[in-house]
Each structure stands twice: as C-alpha cells, then as structure tokens.
Amino acid sequence: MDITITPAAAEKIHALKNRENGILKLKWDTEGNGCVLNGIPTLWYVNEADADHDVLLETNEMPILVEKPKMVFYDEEVKIDYSQEAGMFQLKSPNQILNGRMAFRNK
C-alpha cells in the first residue's frame, strides 16, 4: 500500500495534533456501524502502535500506522488530502474517493 500525504494535509495534521510524541494512524473506524464492512476511514493521532494489528508505512511526509487486517478495504495507492473548502481531510485513490469528509481525532 502506497500512501501520499499532500502538503495541505501535512500542514493541517501538524496544526491539529495535541502532542509531539504521537503517530498518525489511518483507522478503519467501525464504531456505531455494526459491521466491519461498514467502516469509515478516519485519521487518528495515537501514542503508539497496536503491536498485534498495526503496520508502519512510510509516506512522503511522515510515517503512518495502518491496521494490517483492514488494508483489504483500501486501494493500493491512496492520497490523504485536506480540502480548505470542505474544512475536512479526504482519502482518495486514482479510482475513487474513499472518504470525502474524513475526521481527525487525537486519541
């Protein structure tokens, strides 16, 4: 899986994170959705990796954790962007917009 983070997204991530010693995570959030298939890609800023599930991937801007079992839900090539107009992060691939209104949460 190849993840690119746009300069606009990187700038917004740095502005929103509430501590320096955390790490960015692309979380397949299923809370309140009832089923793993109904997950929503979300950005979390966490203290550490979940050793049983997370893999660390390098991007053009910063390392990011991804849940290895949930990688099947993403395209091989994805881009994390930030839309000033929407005021939200966006997760895109060459084939589709995976989440046009992706939240960021400090965990």
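An open sheet of five strands is arranged in the order β4-β5-β2-β3-β9, and its pairing is mixed. Helices (H or I, at least four residues) and strands (E, at least two) are DSSP runs numbered from the N terminus, and two strands pair if DSSP finds at least two bridges between them. The edges are held by β4 (54–57) and β9 (104–106), each of which has a single partner strand, so one side of each is left without a neighbour in the sheet. Neighbouring strands of this sheet are turned against each other by 30° on average, direction ignored; axes are lines fitted to C-alpha atoms, for helices over the stretch in contact, and angles run from 0 to 180 degrees between N-to-C directions.

The structure is a predicted model, in which local features need pLDDT of at least 70 and side-chain atom pairs count only at pLDDT 80 or more, whereas totals for chains, interfaces and linings use all residues. Residues are numbered from 1 along each chain as its sequence is written, and side-chain values use heavy atoms, with hydrogens and water left out.

Within the sheet, seven bridges connect strand β2 (residues 23–29) to strand β3 (residues 40–46) in the antiparallel sense. I23 has V46 of β3 as its bridge partner, and W28 stands opposite P41 in β3. Strand β3 is also joined to β9, by three bridges, and these two strands run parallel; here Y45 has N106 of β9 as its bridge partner. Six of the seven residues of β3 are buried, leaving this strand mostly covered. Buried means under 20% relative accessible area, exposed over 50%, and partly exposed in between (1.4 Å probe, protein chains only).

In soluble globular proteins, nonpolar side chains tend to be buried together. Contact is defined by heavy atoms within 4.5 Å. Neighbours within four places in sequence aside, I3 is in contact with L26, L57, E58, T59, N60, I64, V66, V78 and I80. In the loop between β1 and α1 lies T6, which is buried with a relative accessible area of 12%. Residues up to four places away in sequence not counted, T6 touches K79, I80, D81 and Y82.

Aromatic rings were also examined. Rings of Phe, Tyr and Trp (its six-membered ring) pair if their centres lie within 6.5 Å; planes under 30 degrees apart count as stacked, over 60 as edge-to-face and the rest as tilted. Four aromatic pairs are counted by this rule. The rings of Y82 and F89 form an edge-to-face pair, because their centres are 5.0 Å apart and their planes stand at 70°. Y82 is buried at a relative accessible area of 11%, and F89 is buried at 2% relative accessibility. A cluster of W28, F73 and Y74 is linked by ring pairs. The charged end of K107 sits over the ring of W44, 4.4 Å from its centre (the criterion is NZ of Lys or CZ of Arg within 6 Å of the ring centre and within 35 degrees of the ring normal).

P69 is placed in the loop between β5 and β6 and counts as partly exposed, at 44% relative accessibility. P69 and P41 are separated by 28 residues in sequence and by 14 Å in space, C-alpha to C-alpha.
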